[in-house]
Amino acid sequence: MSSRSPAPPETPAEAAYKLDRAVLRAIHTCQPVLFEGKQHHLRAMGAQVLGGGVSSVIYLMGDATPRQPGDINFVEQAE
């Protein structure tokens, strides 16, 4: 019997990458998101390298204000 060691904890970079992938999926599939308790759709996402990391910004439909991906929640959808 072999015992598996627990997976190492997720790094901040890995967590940010997963969030960016979820944002891109929401853009490509028109998945609604929640921002300040209201449902919106994402219009665009931009990313840039800053000091060895990647900084992302998102835009909601009808709103030119740049937002952070962490400011939104994803709406659960039945498959």
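**Figure 1. Q31 in the loop between α1 and β1.** In this predicted model, Q31 is placed in the loop that lies between α1 (12–29) and β1 (33–35). With a relative accessible area of 14%, Q31 falls under the 20% cut-off and therefore counts as buried. A polar atom of the Q31 side chain lies 3.2 Å from the backbone oxygen of V75.

**Figure 2. C30, a residue with positive phi in the loop between α1 and β1.** C30 is not a glycine, yet its phi is positive, at about 55°. The loop between α1 and β1 holds C30, and this is also the loop in which Q31 is placed. C30 has a relative accessibility of 54%, which is over the 50% cut-off, and therefore counts as exposed, whereas Q31 is buried at 14%.

**Figure 3. E36, a residue with positive phi in the loop between β1 and β2.** E36 is found in the loop that joins the view of β1 to that of β2 (38–40). Although E36 is not a glycine, its phi is positive, at about 50°. The relative accessibility of E36 is 69%, and because this is over 50%, E36 counts as exposed.

**Figure 4. The whole chain as the setting for the close-up views.** The protein contains 1 helix and 5 strands, which follow the pattern α-β-β-β-β-β when read along the sequence. Of the 79 residues, 20% count as buried, and Q31 is one of the buried residues. Among the contacts with a separation of 6 or more, 36% are accounted for by residues 24 or more positions apart.

**Figure 5. Surface and charged side chains of the protein.** The protein exposes about 6,100 Å², and carbon and sulfur atoms supply 54% of this area. There are 7 positive and 8 negative side chains in the protein, and the centres of these two sets lie 3 Å apart.

Key. Residues numbered from 1 in each chain as written. Predicted model: local features only at pLDDT ≥ 70, side-chain atom pairs only at ≥ 80, totals over all residues. Heavy atoms only, no water. Helix = DSSP H or I, 4+ residues; strand = E, 2+ residues; numbered from the N terminus. Buried < 20%, exposed > 50% of the residue type's maximum accessible area, 1.4 Å probe, protein only. Contact = heavy atoms within 4.5 Å. Areas by Shrake-Rupley, 256 points an atom, 1.4 Å probe, with all protein chains shown as cover. Lys, Arg positive; Asp, Glu negative; His and termini not counted. Charge placed at Lys NZ, Arg CZ, Asp CG, Glu CD. Polar contact = N/O pair within 3.5 Å; in protein donor to acceptor, adjacent residues only side chain to side chain.
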